[in-house]
Amino acid sequence: MKAIVAVNNLGYIGKDNTLIWRCSGDLKQFKELTKDCRLLVGFNTSLGLPPLKDRVVIFDNRDVWEQAGEVIDWCIGGKKTYEKYAHMFTELHISHINNNS
């Protein structure tokens, strides 16, 4: 499984389950990389997600990944989900967003 994350100048990946910046280039890259893929997302992060067309979103329930054995293409966050599954990542795609919020 690969992981994709955007981080700002202060090391933040989001706040209150949402992105704290708007970067069309980063969102376009996210869409291109994850189109037609299976995405793993944590519970809190899922609360702020818009519909992700052309993707299958699998929710981690914090305790046990209920779809154990399924192939997941990308982990899309949040912090606790990245930490929990970091040992499974084969690639990291990190975008740096020039933002100080």
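How many nonpolar, polar and charged residues are in the lining of the largest pocket?

**View 1. Overall fold of the predicted model.** Local features in this predicted model need pLDDT of at least 70, side-chain atom pairs count only at pLDDT 80 or more, and totals for chains, interfaces and linings use all residues. Residues are numbered from 1 along each chain as its sequence is written, and side-chain values use heavy atoms, with hydrogens and water left out. Three helices and five strands make up the elements of the protein (DSSP runs, H or I of at least four residues for helices and E of at least two for strands, numbered from the N terminus). Their order from the N terminus is β-α-β-α-β-β-α-β. The C-alpha trace spans about 40 × 25 × 25 Å along its principal axes.

**View 2. The largest pocket.** Its volume is about 1,000 Å³, the space filled by probe spheres set on grid points joined across faces, edges and corners. A pocket is an open set of points on a 1 Å grid over the protein atoms alone, where a 1.4 Å probe fits, with protein on both sides within 12 Å along at least five of seven lines.

**View 3. Lining of the largest pocket.** The lining comprises 39 residues (those with an atom within 4 Å of a point). Ile 13, Leu 19, Thr 45, Leu 49 and Ile 76 lie nearest the pocket centre. Two or more lining residues come from each of β1 (2-8), α1 (24-34), α2 (43-47) and α3 (79-85). The largest share, five residues, belongs to α3. By class, 16 lining residues are nonpolar, 12 polar and 11 charged (Ala, Val, Leu, Ile, Met, Phe, Trp, Tyr, Cys and Pro are nonpolar, Asp, Glu, Lys and Arg charged, and the others, Gly among them, polar).
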